[in-house]
Amino acid sequence: MRRIVLVFLGVLFLIGLPVQALADTGAEGMLKAVVRIRSLIPPEAESAGTLGTHREGNGVVIDADGTILTLSYLIREAESIEVSVPGEKPVRGTILGYDFYSGLALVKTHKPLGVAPIELGRSAAVKSWDSLLVAGHGGEEAAQVVRVISRSEFAGYWEYLLEEAIYTLPAYHDFGGAALISPEGKLVGILSLFTQVTIPGVGSLPCNVSIPIDLLHPILASLKNAGRSGRVQRPWLGINAEVSHGRIIITRVTSGGPAEKAGLKPGDMILAVDGKEITGLSDFYRKVWSLGKAGVQVPLSALQGVKIREISVHSIDRHERVRTRPGKEISL
């Protein structure tokens, strides 16, 4: 443990950042707060086809009550959840809540884990070229120093958008739900994705995308108490899409979802939303969401084959398609 702390402090010293704060936090105990999460999802669940029925990743204990912060895709629609602390037997878990807007979720265990939580920080303070610590389940051997290379938007193909995602490198292999920790020993993000970033003069490099912890602060109490964020829900269409030659191409439609019911199919090209031309995935999402809350009609101009068609999609609340409801008792 001392070796990894010294390496981290050495990097901070070289770039002129405070070095004493992390040493005062008790780093070894801090790393124990990162736990392993395993979930089992029934084959008939909507997400089973894309995310699988056996999922595994990390979670972070964030308060004295033992609340665990993780990713919604790791536990969504789970019929069983198992939480493990290094050196201890796994314990049963229950979903407290999840938020599709951020991609974050909360889990609680049926028995105390006996680990000290990691204090929540503020991701707004994280800047490009800052050095941070990434920690997955497994203590010292599962932690590494990373550099922030960008604070910029991330648009996911599954109707997902982060305005100020945290991009870090080198890439961390066990990224799902891992902790992104500041030099002061505070949680500033949750690793979510593996992707590539292009650096001028260098080329494409593998990196990770983290969800800023500031997205959790305004919804934490609601997630714990009600299982939902409390936000007005955005309209959901039920599509996967990608950009090809500057155009939005549908790659998949959710079976029985709004887009399929409206007649959209894989291969269709989306040209406009409510008569307004779209320029990329993030622009597409923003134009759809600007029409109103979940349930609003979404007028789309789509190229199907050689014909441009005007298609109105009756959007829904994404939560309506989730099989397992937050707060339900889950047994192994």
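Start with the barrel: six strands close it in the order β7-β8-β9-β12-β11-β10, and their pairing is antiparallel. This is a predicted model. Step from one strand to the next and the twist averages 50°.

Now select helix α8, residues 281-289. Helix α8 packs on the sheet and touches β8 (143-156) and β9 (160-169). Compare directions: that of α8 makes about 55° with that of β8.

Next, show β10 (residues 179-181) and β11 (residues 187-199). These strands run antiparallel, joined by three bridges. Pick A179 and look across to β11: I190 stands opposite. Strands of a sheet pair through backbone hydrogen bonds, so display the backbone here.

Move to the loop between β9 and β10, where P170 sits. Which kind of peptide bond joins L169 and P170? A cis one, with omega about 5°. Most peptide bonds are trans.

Two stops remain, both for backbone phi. Most residues other than glycine have a negative phi.

Select E77, in the loop between α5 (72-75) and β4 (80-84). Phi of E77 is positive, near 65°. Is E77 buried or exposed? E77 counts as buried because its relative accessibility is 1%, and the cut-off for buried is under 20%.

Finish at W129, in the loop between β6 (104-109) and β7 (131-135). Phi of W129 is also a positive value, near 75°. The cut-off for exposed is over 50%.

Note on methods
Residues are numbered from 1 along each chain as its sequence is written. This is a predicted model: local features need pLDDT of at least 70, side-chain atom pairs count only at pLDDT 80 or more; totals for chains, interfaces and linings use all residues. Side-chain values use heavy atoms; hydrogens and water are left out. Two strands pair if DSSP finds at least two bridges between them. Helices (H or I, at least four residues) and strands (E, at least two) are DSSP runs, numbered from the N terminus. Axes are lines fitted to C-alpha atoms, for helices over the stretch in contact, and angles run from 0 to 180 degrees between N-to-C directions. Contact means heavy atoms within 4.5 Å. Buried means under 20% relative accessible area, exposed over 50%, partly exposed in between (1.4 Å probe, protein chains only).
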